[in-house]
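Please have the sequence and the coordinates at hand while reading.

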Amino acid sequence: MNFKKIGVIGGGTMGQGIAEMLAAKGLDVMLVEKTAERLDYSYAMIETSLDKQLEKWAITQAEKKLILSRIEKVSHFAELSSCDMVIETITEDLDAKQKVFNQLDQVCPSHIILASNTSTLSLTELASSTMYPERVIGMHFIHPVAKVDLVEIVRGLKTSDSTFEDTKAFVDEIVEKKGVMIYESPGFVSSRLICLFINEAMHVLQEGVASPEDIDDAMRIGYQFQHGPLEMADRFGLDSVLAALENMFREYGELKYRPSTILKKMVRAGQLGMKSGEGFFKYDKDGDRV
């Protein structure tokens, strides 16, 4: 399969990261959001990300312009019919995602791969809302997309071998990341393990065993993590961590997946981590700890 133009649905943190990364790899990107305002905001955030790289001499002004020129703002799904692949990155809500896949099924030719960046939801269930479930696959990128060289490629019950092989080639050869094959299971591998790690750190905090800083330092310095578990949660988004844990708790029915009370309280209070400026730690508008 010759991949040249990719649709990205959802301009949140993951959608922005995926769109920017694909454009930087030389692909044309059609970025879709619900409203023109949200689309403009997403595009502006991608530009801000590129400006940060510009300040650090990671890219040139010409490269920044080239990357932005490859991202087209789109407000109607019908325009995605010309794409070679579409990646959905909206919030972890099964009904909302099924509606998106149902609409895509109507506008995208039957050979076009429809991928979801879901971290915990069932690909088989998502695919059930389409006429061609064999072309639906999971492509779980990990935040920050540009820096993490791993993609979980998740097969649903009806995902075809050709869909998997084309997606694997896309990840390995075009995106130049390591694609690992996962058979569908709630949380896959990375979300299932990292969310348990984060949840246990929150239980440790809740029990008063140590401060947030000391919990994170213990794991970051002691075990060479880039970020400690609480800062990880902040960077993923506490609402996203809560949604993942609740979904796994519902699917597995095991107490170890039950979200900690402190996580629920913080999400209810709107302390979502980096995206809101405050979670377990505080962050400036550039996403740096303050």
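Lys97 is buried, because its relative accessible area is 1%, where buried means under 20%, exposed over 50% and partly exposed in between, with a 1.4 Å probe and protein chains only. Lys97 forms a salt bridge with Glu88, the closest N and O atoms being 2.4 Å apart, and Glu88 also counts as buried, at 0% relative accessibility. A salt bridge is here a side-chain nitrogen of Lys or Arg within 4 Å of a carboxyl oxygen of Asp or Glu.

The model is predicted, so that local features need pLDDT of at least 70 and side-chain atom pairs count only at pLDDT 80 or more, while totals for chains, interfaces and linings use all residues. Residues are numbered from 1 along each chain as its sequence is written, and side-chain values use heavy atoms, with hydrogens and water left out.

**Overall form**

The chain has 11 helices and 8 strands, which are DSSP runs numbered from the N terminus (helices H or I, at least four residues; strands E, at least two). Its C-alpha trace spans about 55 × 45 × 35 Å along the principal axes. The radius of gyration of the chain is 19 Å, which agrees with the value near 19 Å that a compact globule of 290 residues would have; this radius is taken over C-alpha atoms, and the globule rule is 2.2 Å times the number of residues to the power 0.38. Buried residues make up 47% of the 290 residues. Among the buried residues is Val29, at 1% relative accessibility, which is found in strand β2 (residues 28-32). The C-alpha atom of Val29 is separated by 6.4 Å from that of Ala19, although the two residues are 10 apart along the chain.

**Charged side chains**

Side chains of opposite charge can pair when their charged atoms come close.

| Salt bridge | N to O distance |
|---|---|
| Lys97 and Glu88 | 2.4 Å |
| Asp40 and Lys73 | 2.9 Å |
| Glu231 and Arg235 | 2.9 Å |

Glu231 and Arg235, by contrast, are separated by about one helical turn, because they are 4 residues apart in helix α9 (residues 229-236); Glu231 is buried, with a relative accessible area of 8%. Salt bridges that share partners also join Glu47, Asp51 and Lys64 into one network.

**Backbone**

Most residues other than glycine have a negative phi, and most peptide bonds are trans. A cis peptide bond joins His143 and Pro144, with omega about -5 degrees, and Pro144 has its place in the loop between β6 (136-141) and β7 (150-155). Phe188 has a positive phi, near 50 degrees, and lies in the loop between β8 (178-183) and α7 (190-206), where Phe188 is buried, with a relative accessible area of 3%. The phi of Gln224 is also positive, near 60 degrees; Gln224 lies in the loop between α8 (212-222) and α9 and is exposed, with a relative accessible area of 74%.
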